[in-house]
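Thanks for making time this morning.

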There are 2 protein chains.
Amino acid sequence: MFVASAGVFTTGSAPAAGAAPVPLDRVVPAPASVRPGGAPYRITSGTRIRVDGTPEARRTGEYLAAVLRPSTGYALPVTPGAGSGIRLALVRDAEGELGAEGYRLRSDPRGVTISASTSAGLFHGVQTLRQLLPAAVERGTVQPGPWRVAGGTVTDRPRYAYRGAMLDVARHFFTVDQVERYIDQLALYKINVLHLHLTDDQGWRIAIDSWPRLAAHGGSTQVGGGPGGHYTKDDYQEIVRYAASRHLEVVPELDMPGHTDAALASYAELNCDGAAPPLYTGTDVGFSSLCVSKDVTYDFVDDVVREVAALTPGRYLHIGGDEAHSTSHEDYVKFMDRVQPVVAEYGKTVIGWHQLAAATPAGGALVQYWGLDSTGAAEKAQVVRAAQNGTGLILSPADRIYLDMKYDRSTPLGLSWAGYVDVRRSYDWDPGGYLPGVPASAVRGVEGPLWTETVADPAGLEYLAFPRLAGAAELGWSPAATHDWQSYRVRLAAQGPRWDALGVRYHRSPQVPWPAR
Amino acid sequence: MFVASAGVFTTGSAPAAGAAPVPLDRVVPAPASVRPGGAPYRITSGTRIRVDGTPEARRTGEYLAAVLRPSTGYALPVTPGAGSGIRLALVRDAEGELGAEGYRLRSDPRGVTISASTSAGLFHGVQTLRQLLPAAVERGTVQPGPWRVAGGTVTDRPRYAYRGAMLDVARHFFTVDQVERYIDQLALYKINVLHLHLTDDQGWRIAIDSWPRLAAHGGSTQVGGGPGGHYTKDDYQEIVRYAASRHLEVVPELDMPGHTDAALASYAELNCDGAAPPLYTGTDVGFSSLCVSKDVTYDFVDDVVREVAALTPGRYLHIGGDEAHSTSHEDYVKFMDRVQPVVAEYGKTVIGWHQLAAATPAGGALVQYWGLDSTGAAEKAQVVRAAQNGTGLILSPADRIYLDMKYDRSTPLGLSWAGYVDVRRSYDWDPGGYLPGVPASAVRGVEGPLWTETVADPAGLEYLAFPRLAGAAELGWSPAATHDWQSYRVRLAAQGPRWDALGVRYHRSPQVPWPAR
């Protein structure tokens with residue numbers, strides 16, 4: 001794809017006919033196993049996408065066809081039955097080799113076969129296939145090709161079951177279309193969780209029938225005082241449905257008991273003093289709290305958890321719990337002891353920010369660690385102890401993968417309270433060994449949060465998320481043995497032309513040998 | 001400095017010993033006249049900066065020495081008297097060839113001589129000399145050199161007397177240090193006006209003794225709700241002094257009668273209903289107005305104009321007057337009829353945004369045009385009529401040089417209500433012919449405004465200002481005959497390594513053939 005040496009770039013983004021196909025290992029996240037060999041397969045105007053009789057394979061086949069048709073200009077009919085071409089097959093995985101999300105991709109001159117024991121596995125295999133084709137395959141208009149897939153076999157499955165990205169739609173609101181665009185970007189990297197931070201001081205973004213002013217009033221502004229917005233239940237279900245079609249689970253977050261000014265402003269009775277504060281459009285944290293001593297607070301929690309759980313086919317409901325600086329420790333523990341059972345009552349499993357470890361995490365709960373290298377030993381010890389007691393851990397260390405941190409001092413937006421997080425720093429750590437004392441089995445995955453105090457539109461979002469999000473995805477998916485910055489930066493550089501083709505407005509970090517545009 | 005052809009860059013930012021010196025015409029803004037010829041001068045450890053007996057030449061010599069010493073490592077003593085070296089001389093300009101700000105720079109193996117009839121001219125000549133040395137001259141540590149200046153003569157003077165940049169310190173506050181850093185960046189491009197937008201709905205940024213709550217309360221926050229800030233009178237005088245040392249005049253703007261929420265929030269009596277609104281941290285415009293019918297309003301205006309005029313050695317005081325959507329036309333005219341004489345009473349000349357043309361601009365007043373190509377004919381006609389009647393014009397068309405507009409859809413911050421303003425679009429227009437019907441003599445200059453709704457720190461400011469500000473500077477300085485995008489982009493590209501050396505965090509627009517880093 002490109003040749004780079006110190007300071008000199010030669011262009012190579014449009015491979016000439018006859019150029020070598022993309023090497024089988026030029027994929028992000030790095031596959032678990034790659035065995036190159038044999039001649040490539042070439043997609044032509046006669047290629048068919050052959051699916052087995054299952055609806056899962058057909059659906060994935062139609063998705064793949066929709067990706068390939070605009071740029072190839074080929075018909076690519078999706079048809080059942082055997083034969084040459086691109087084949088998608090659900091298979092029995094008797095030895096459990098592929099797991100719930102793994103796949104095998106075999107390429108030879110007769111075709112490319114993707115097999116998996118689940119539709120998620122097929123889908124992830126299709127994402128790998130996309131990256132094995134020239135970047136131009138992602139364009140929306142017909143490109144010259146050729147469309148060849150290197151010969152060989154990829155056998156792949158994720159390291160962690162939870163590979164997430166969080167989008168803060170509370171500080172600045174993002175529309176359904178904007179969220180769906182992000183979902184498509186996440187799916188490329190086999191991310192399987194979209195965590196939506198739906199509520200914060202600056203906005204309540206989800207309609208609640210039993211407390212209608214939460215969205216109508218609490219969602220009416222945002223940081224900087226714009227008009228804000230909220231999702232109707234139909235909107236939200238559309239996001240959930242779209243995410244599911246890309247094999248992402250949506251985890252809704254209702255942040256409590258702090259970060260609740262939008263709710264407190266909407267209903268005076270939720271305040272200990274009975275007086276509603278004004279809506280808040282600033283960026284301070286830690287000043288608001290639900291009234292832990294009032295019964296109405298728990299009626300409120302029951303209602304919003306019930307309604308949001310009913311919109312959530314996934315397992316988890318995130319209850320926040322961070323930066324509750326206006327709540328005493330005693331009240332915080334009391335609050336969490338009453339609220340976590342409500343989540344269970346409506347059939348969901350609790351996730352909380354790692355401060356929940358200072359209370360008693362419910363059975364099965366996950367805590368999301370967002371500390372820094374410099375976080376105090378006592379706070380880390382609480383998290384380690386919870387993990388030793390069976391609480392699962394999602395790793396989102398702020399000085400590693402908070403996607404809203406500036407890359408360096410020249411980054412024109414973003415924050416820097418956790419320092420600068422350049423591309424290498426965001427990639428070059430191991431989730432398995434990150435918090436000493438945590439049992440390996442307690443680490444359930446990795447998530448890249450993107451807070452939006454300084455981000456008002458998709459251009460800003462994409463600039464901060466890419467390329468760092470690809471690193472978060474690789475940390476969550478790829479075996480530790482594949483971890484290597486020098487090989488990663490080459491694979492990452494190959495994503496540049498793909499992002500250009502897709503219109504993703506990424507940051508061209510000088511740490512990465514991007515091909516010339 | 002660099003070689004560029006389609007898509008291929010070769011590095012050349014650190015010229016090897018023996019590389020050709022920077023060509024005499026590789027300067028932004030383009031000099032009026034360049035006559036290359038003869039062998040270069042080389043600055044060595046023995047070089048002296050020789051000044052005539054005037055304090056102006058000595059001051060400029062010391063300034064030049066301070067620029068050159070860190071990177072050359074040479075002593076560069078500033079000494080009076082004749083001899084070889086770098087010579088700065090105030091000269092009589094009997095034929096008026098150089099004007100108030102022009103200079104002549106002659107370079108041959110014996111030395112470089114900068115002559116001018118004013119200290120501003122000497123200073124601008126020094127800026128040209130900086131650009132004729134390798135970019136590494138701007139670094140803060142000793143560099144290898146060699147430090148050669150191509151042989152020949154530059155004779156230069158500005159097209160317009162007013163060449164400005166506006167910084168909005170109201171939406172987000174910028175500290176004295178941050179403003180002074182920006183002043184240094186402006187001086188590089190011979191900009192001679194720093195227009196400070198000191199007051200707006202979101203903040204009042206200058207201490208007023210007679211109305212102390214303006215700064216204490218009205219300056220206590222900003223867009224997004226941060227702590228805001230204000231300049232004490234000492235702070236402000238420090239900025240004015242620093243600007244003067246770089247030959248910039250500070251034009252203070254007190255925006256009236258709209259954009260005044262910070263004042264209205266600070267003093268209830270300024271409101272028609274006598275009730276103070278809350279401080280505002282959003283980004284809407286057009287909702288606030290001073291109470292035109294109350295006498296206290298004019299006491300207020302008299303006080304703030306008097307106090308700010310007393311801090312202003314320059315000619316101008318900007319009274320805003322834009323987007324007064326909450327003021328009727330009749331009230332607007334009445335207000336401006338009462339306020340403009342107050343400015344004159346305290347010895348200053350009015351500048352207003354071009355809406356002032358809908359009232360009666362005072363004699364000698366300037367109006368600042370910020371319309372678009374698509375601005376209605378009636379609004380443009382008002383401005384043209386005012387210009388025909390003797391009102392001077394500063395050109396700041398929003399779809400050309402509003403520096404807060406996004407470059408393109410991928411710009412991660414900035415606004416786009418005036419469309420995208422890429423580097424070429426910001427350069428490729430002619431102030432002389434911009435508004436048909438305006439007499440050439442009415443155009444006094446060009447200004448690039450930078451509004452800070454989305455800009456919270458110097459990284460964001462520099463990303464939006466550079467490279468576009470260099471184009472605004474060139475439009476204000478260079479003769480129309482030098483205007484040429486193809487040659488401009490090459491000269492602009494040469495600024496990249498200078499900005500890198502200075503730590504200016506500019507946008508590496510793909511329209512410009514930047515040398516590889």
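**From the fold to the backbone**

Let me begin with how the chain is connected: in chain A, among contacts between residues at least 6 apart in sequence, 76% join residues at least 24 apart. Please keep in mind throughout that this is a predicted model, and that the values I quote are computed from it.

The secondary structure of chain A consists of 15 helices and 21 strands. As for overall dimensions, the C-alpha trace of chain A spans about 75 × 55 × 45 Å along its principal axes. The radius of gyration of chain A is 23 Å, which agrees with the value near 24 Å that a compact globule of 517 residues would have. Of those 517 residues in chain A, 62% are buried.

Chain A carries 48 positive and 54 negative side chains, with the centres of the two sets lying 12 Å apart.

Now to the partner chain. The size of an interface is often given as the accessible area lost when the parts come together. Here, the area buried between chain B and chain A is about 1,800 Å², with carbon and sulfur atoms giving 50% of it. Arg409(B), Pro412(B) and Arg505(B) supply 29% of the area that chain B buries against chain A, which is more than any other three residues. Counted by residues, 24 of chain B are in contact with 24 of chain A.

Which peptide bonds are cis? One of them runs from Phe466(A) to Pro467(A), with omega near 15 degrees, and Pro467(A) sits in the loop between α12 (458–465) and α13 (468–477) of chain A. Another runs from Val28(B) to Pro29(B), with omega near -5 degrees, and Pro29(B) belongs to the loop between β2 (8–10) and β3 (33–36) of chain B.

There are also residues with a positive phi that are not glycines, including His247(A), at about 60 degrees, in the loop between α5 (233–245) and β16 (249–256) of chain A. Leu76(B) has a positive phi of about 45 degrees, and its place is in the loop between α1 (55–72) and β6 (78–80) of chain B.

Are these two residues buried or exposed? His247(A) has a relative accessible area of 23% and is therefore partly exposed, whereas Leu76(B), at 0% relative accessibility, counts as buried.

Note on methods:
Residues numbered from 1 in each chain as written. Chains lettered and ligands numbered in written order. Predicted model: local features only at pLDDT ≥ 70, side-chain atom pairs only at ≥ 80, totals over all residues. Heavy atoms only, no water. Helix = DSSP H or I, 4+ residues; strand = E, 2+ residues; numbered from the N terminus. Rg over C-alpha atoms; globule rule 2.2 N^0.38 Å. Buried < 20%, exposed > 50% of the residue type's maximum accessible area, 1.4 Å probe, protein only. Contact = heavy atoms within 4.5 Å. Lys, Arg positive; Asp, Glu negative; His and termini not counted. Charge placed at Lys NZ, Arg CZ, Asp CG, Glu CD. Buried area = accessible area lost by both parts, 1.4 Å probe.
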